[in-house]
Amino acid sequence: MIERYPMLALLLLGAHWLCDYPLQGQFLSDAKQSGPLRVYHLIAHSGIQGAGVAVVTGNVWLGLLEWLAHTTIDEAKVRGKTTFSQDQALHIAC
């Protein structure tokens, strides 16, 4: 059972990278920071992250928790309360 945890960690990191960069794209990255539908785009991006966690873990509740956590963390970054490095460290900790 212990052998699974390093693989799960790698899969979660890979899902985070995939969802935070290629699946987010420049449009969503810009739109979640400003614009009339900023919050919608932030929630959409965070939902992609939550879906990645749910797929990797097979647990919808963990996916929903990630969705909430990712929204909160990214909102803090948009408001200037965290740096890019702090943002990424918080995401990885989740």
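Guide:
**Salt bridges and cysteines**

Asp 74 and Lys 32 form a salt bridge, with 2.8 Å between the closest N and O atoms. The term salt bridge is used here for a side-chain nitrogen of Lys or Arg within 4 Å of a carboxyl oxygen of Asp or Glu. Asp 74 lies in helix 4 (residues 60-78) and Lys 32 in the loop between helix 2 (25-31) and helix 3 (38-57), so this pair ties together parts that are 42 residues apart in sequence. Helices are DSSP runs of H or I with at least four residues, numbered from the N terminus.

This is a predicted model, in which local features need pLDDT of at least 70 and side-chain atom pairs count only at pLDDT 80 or more, while totals for chains, interfaces and linings use all residues. Residues are numbered from 1 along each chain as its sequence is written, and side-chain values use heavy atoms, with hydrogens and water left out.

Buried means under 20% relative accessible area, exposed means over 50%, and partly exposed is in between (1.4 Å probe, protein chains only).

The whole structure contains 4 salt bridges according to the search. Another of them pairs Asp 87 with Lys 77, at 3.7 Å from N to O. This pair links distant parts of the chain, with Asp 87 in helix 5 (residues 84-93) and Lys 77 in helix 4, 10 residues apart. Asp 87 is buried, at 0% relative accessible area, whereas Lys 77 is partly exposed, at 23%.

Arg 79 and Glu 75 also form a salt bridge, and their closest N and O atoms are 2.5 Å apart. Here Arg 79 is exposed, with 58% relative accessibility, while Glu 75 is buried, with a relative accessible area of 15%. These two residues belong to a network of salt bridges that links Arg 38, Glu 75 and Arg 79.

Turning to the cysteines, the search of the whole structure finds 0 disulfides, a disulfide being a pair of cysteine sulfur atoms within 2.5 Å. Cys 19 is in no disulfide, and the nearest cysteine sulfur, in Cys 94, is 14 Å away. Seen from Cys 94, the closest cysteine sulfur is that of Cys 19, and the 14 Å between them is too far for a bond. Cys 19 is buried, with a relative accessible area of 5%, but Cys 94 is exposed, at 54% relative accessibility.

Key:
Helices (H or I, at least four residues) and strands (E, at least two) are DSSP runs, numbered from the N terminus.
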